Amino acid sequence: MSSIENKSIKRVTVRDLQRMKGSGEKIVALTASDFSFARLFDRSGVDLILVGDSLAMVSLGHENTLSITLDEMLHHCKAVARGSCKSFLVGDMPFLSYQINVADAVKNAGRFLSEAGMNGVKLEGGLMIVNTVEAIVRAGIPVMGHIGLMPQYVNQIGGYIVQGNDISKANSLLEDALALEKAGCFALVLESIPQQLGHYITDKLSIPTIGIGSGVYCDGQVLVGYDLLGLFEEFKPKFVKRYGNLSSQIIKAVEQYSREVKDSSFPTKNYSHMMSPDEFKSFLDAKNDQL
Ligand code: KIV
């Protein structure tokens, strides 16, 4: 249980997400990688927080998502879990934590729930990981699928480019989606596919689709938290809308702090601990006695 968990607040469940698809209520998802952001997103009413392996890039400065380890992901998941009491929490399984063999995949997936306070895991891949998804689901672990642009396959794909934009690729994405639903996924991320295909797949599935760069007809949307807030400036995919510009606010604040430290206008007495004048005088007198 998270350290700030309030027993009267009910956490979003897979049933709530399913019900939202049924009623047409959109699912709001966002990625987070630490306690403070998770706490703010949770308080803002985000339905699902994903501890995405994109944190390798936006929080840790790696070139892509491939080098983050399982232990590093679990470390960030634990921090997010401590900050959240309401959102459904999904931990992203990193590169090679589920591709080597099914037994290791189940064991590694289980750690996200048993050690890191997550409610489910996310895996990238379609038909080729169906057996793994089935085994993880059999162990009682909710699985969110992820197809379309799969950043862990960036070297095979040859870049972060739109997927499914010809007939044969669109067909295989539909097959992937149906196979993942059959394997027991509770939801499916559709990344960077044409809006029409996102719409078509969403209508064909009974589980919710969460789109990122896949148009408005998905059952929900996810963005990387740092992108939405304007905190990650290395590059900006077409689908990223910046709802804030925290980078410039942070730079402005730190520059002001820096000026005030340099010219000694910070800290004023309001920000300092003061001894009473009498106490300080006694301290000085005692010091003088010792001389
Ligand atoms: O790692 C991540 O942030 C993700 C989302 C972009 C879906 O997988």
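1. S192 lies in the loop between β6 and α9 (195–204); helices (H or I, at least four residues) and strands (E, at least two) are DSSP runs, numbered from the N terminus. The phi of S192 is positive, about 50°, although S192 is not a glycine. Most residues other than glycine have a negative phi.

2. The model is predicted: local features need pLDDT of at least 70 and side-chain atom pairs pLDDT 80 or more, while totals for chains, interfaces and linings use all residues. Residues are numbered from 1 along each chain as its sequence is written, and side-chain values use heavy atoms, without hydrogens and water.

3. The peptide bond that joins F266 to P267 is cis, and its omega is near 0°. Most peptide bonds are trans.

4. Which residues are around the ligand? They are T31, L50, G52, D53, S54, D92, K122, H146, V189, I212, V222 and V224, each with a heavy atom within 4 Å of the ligand. Sorted by class, this shell holds five nonpolar, four polar and three charged residues (Ala, Val, Leu, Ile, Met, Phe, Trp, Tyr, Cys and Pro are nonpolar; Asp, Glu, Lys and Arg charged; the others, Gly among them, polar).

5. For S54, a polar side-chain atom lies 2.6 Å from a ligand oxygen. For D92, an N or O atom of the side chain is 3.2 Å from an oxygen atom of the ligand. For K122, the corresponding distance to a ligand oxygen is 2.9 Å. The ligand taken alone exposes 260 Å², and the protein buries 96% of that (Shrake-Rupley, 1.4 Å probe).

6. The ligand sits in the largest pocket, with more than half of its atoms within 2 Å of the pocket's grid points. A pocket is an open set of points on a 1 Å grid over the protein atoms alone, with protein on both sides within 12 Å along at least five of seven lines; lining residues have an atom within 4 Å of a point. The volume of this pocket is about 650 Å³, counted as the space filled by probe spheres set on the points.

7. The lining of the largest pocket has 32 residues, and L149, E191, I212, P237 and F239 lie nearest its centre. Two or more lining residues come from each of α3 (55–58), β4 (120–124), β6 (187–191) and β8 (220–224). By class, the lining divides into 18 nonpolar, seven polar and seven charged residues.

8. The second largest pocket has a volume of about 240 Å³. Its lining has 13 residues, with G148, M150, Q163, L173 and D176 nearest the centre. β5 (143–148) and α8 (167–183) are the elements that give two or more residues to this lining. Of the elements, α8 gives the most, with four residues. The class count here is six nonpolar, five polar and two charged.

9. How many cavities of 30 Å³ or more does a search of the whole structure find? There is one, a cavity being a set of grid points where a 1.4 Å probe fits but cannot get out. The largest cavity holds about 50 Å³ of space. It is lined by T31, A32, S33, G52, S54, L55, V58, S59, V224 and Y226. Five of the lining residues are nonpolar, five are polar and none is charged.

Technical notes
A polar contact is a pair of N or O atoms within 3.5 Å; within protein, one must be able to donate a hydrogen and the other to accept it, and residues adjacent in sequence count only if both atoms are side-chain atoms.
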